[in-house]
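Please work through the exercises below with the sequence and the model side by side, and try each task before reading its solution.

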Amino acid sequence: MGIIGKKSFTLIETIVVIAVIGLILPVVFSIFFVLLQQQIKIYRLNTVKKEGDYLISIIENTLRNDTKSIHSAEPPNDSNIKCSTESSAYGSTSSLYFLNNNDQWFGYLLSNDAIAFVSASITPVNLTSSKIKISNFSISCSRNYPYSPSSVSLSFTIEYCNDVACAQTRPEETALLFYRTKIKLRNY
Amino acid sequence: MKKSPGFSLIEVLVFVAVLSLFFISAVTITTFSLRNLKIQEHKIIATRYAEEASEWIKQEKEDDWEIFKSHSDTYYCLNLLNWDVGACTSYFLGTPGFFKRDLNVSRSGNPIDKITTVLTVSWLENGVPQNVILKSVYNLWE
């Protein structure tokens, strides 16, 4: 009796077992890591698309239904009116202002990497959340024919930002979409 | 002191078999859901491309109906948002190029007053074609 007759694992056996576990665990965890990363990417893309769609729809609705004239500065007046005559065009990478049917003015402008709504009664309000960065913003108007109303073209790149600097460069972390639309003013 | 019996070979084999079954199923489920997530990601981007092209077609229609209705009943490749006749031959939309965007135009009425378009953004997911389809109808009076 005693310790001699007892069967137990040898050192080699234990080492082999640990080596096998050491091979399997990293594989399992790396798969889970990729899964997690992919979910984060989907979440970001979703957020970016949601915010972009919201921006486009709100700008489209206000411009299409309420806009009477287009201006390059605020407050809008006759001297800064744009695209009111045939074959005229105007473009900006920062802002454009509009007058609605009640002679109230409003505008959209790019400030601190976000698109903001501004009007006579309120200070600029950001239409996107703080995690979103807008770049390559361009808003322009044109009128081709005297019998057709002006149209406003809008384009921007919308991107998800993880930190303030918004400096992610790895492709698996970036969520970026490009938006472009052209709106014909119906109330011109 | 009582001698402890230890495991027999059969017991260890059964245990390892059960454990490996569990691991294999877990990994299978995970890779499956990973593949699904990848498809979801591409679908979001493809939907964006489809909407972009749909906006562009609407513009074309609003800009000039006469030109718009003069396009023939055929396939157009809208990868570059131009009226390029013929279905797209390669997937080069996006960075890196991964999608293609085809438009099928069919006109009806005499004179033509209704144009039906079917926009297809497609891509290859591990060799399996996937697509997002947007159908729209354009009228002269709208």
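Two strands are said to pair if DSSP finds at least two bridges between them, and the elements themselves are DSSP runs numbered from the N terminus, where helices are H or I runs of at least four residues and strands are E runs of at least two. This is a predicted model, in which local features need pLDDT of at least 70 and side-chain atom pairs count only at pLDDT 80 or more, while totals for chains, interfaces and linings use all residues. Residues are numbered from 1 along each chain as its sequence is written, and chains are lettered from A and ligands numbered from 1 in the order in which they are written.

**Exercise 1. Describe the make-up and the extent of each chain.**

Start with chain A, which has one helix and ten strands, arranged along the sequence as α-β-β-β-β-β-β-β-β-β-β. Its C-alpha atoms fill a box of roughly 110 × 30 × 25 Å along the principal axes. For chain A the radius is 29 Å, whereas a compact globule of 188 residues would have one near 16 Å.

Chain B, by comparison, holds two helices and five strands, and from the N terminus on these run α-α-β-β-β-β-β. The radius of gyration of chain B is 27 Å, well over the 14 Å that the globule rule gives for 142 residues, so chain B is more spread out than a compact globule. The box filled by the C-alpha atoms of chain B is roughly 105 × 25 × 20 Å, again taken along the principal axes.

**Exercise 2. Work out the order of the open four-stranded sheet in chain A, and find its edges.**

The order is β3-β8-β9-β10 of chain A, and the pairing is antiparallel. At the edges stand β3 (88-92) and β10 of chain A, each with a single partner strand, so one side of each is left without a neighbour in the sheet. Inside the sheet, nine bridges join β8(A), residues 132-143, to β9(A), residues 151-160, and one place to look is Ile139(A), whose bridge partner in β9(A) is Leu154(A).

Finally, α1(A) lies across β8, β9 and β10 of chain A, at about 10 degrees to β10(A). Such angles run from 0 to 180 degrees between N-to-C directions, with axes fitted as lines to C-alpha atoms, for helices over the stretch in contact.

**Exercise 3. Follow the chain through β4, β5 and β6 of chain A.**

First, β4(A), residues 95-100, runs antiparallel to β5(A), residues 105-111, and five bridges join them. Four residues lie between these two strands, and in their hairpin Asp103(A) takes a positive phi near 60 degrees. Second, six bridges join β5(A) to the antiparallel strand β6(A), residues 114-119. Gly107(A) links the two steps, for its partner on one hand is Tyr97(A), and on the other Val118(A) in β6(A).

The hairpin of β5(A) and β6(A) has two residues between its strands, and there Asn112(A) has a positive phi near 50 degrees. Most residues other than glycine have a negative phi, and most peptide bonds are trans.

**Exercise 4. Locate the cis peptide bonds described for the two chains.**

In chain A, look at the bond from Glu74(A) to Pro75(A), which is cis with omega near -5 degrees; Pro75(A) lies in the loop between β1 (67-71) and β2 (81-82). In chain B, the bond from Asn110(B) to Pro111(B) is cis with omega near 0 degrees, and Pro111(B) belongs to the loop between β3 (99-108) and β4 (114-125).

**Exercise 5. Explain how chain A meets chain B.**

Residues are in contact if their C-beta atoms, placed from the backbone, lie within 7 Å. The contact takes 20 residues from chain A and 18 from chain B. On the side of chain A, α1(A) gives the most, with eleven residues.

Now compare the helices: α1(A) and α1(B), residues 9-63, pack at an angle of about 20 degrees with their axes 10 Å apart. That makes α1(A) roughly parallel to α1(B), because angles under 35 degrees count as roughly parallel, over 145 as roughly antiparallel, 65 to 115 as roughly perpendicular and the rest as oblique. Among the residues that meet are Leu35(A) and Ile42(A) in α1(A), and Leu34(B) and Leu37(B) in α1(B).

Conventions
Two residues are in contact if their C-beta atoms, placed from the backbone, lie within 7 Å. The radius of gyration is taken over C-alpha atoms; the globule rule is 2.2 Å times the number of residues to the power 0.38.
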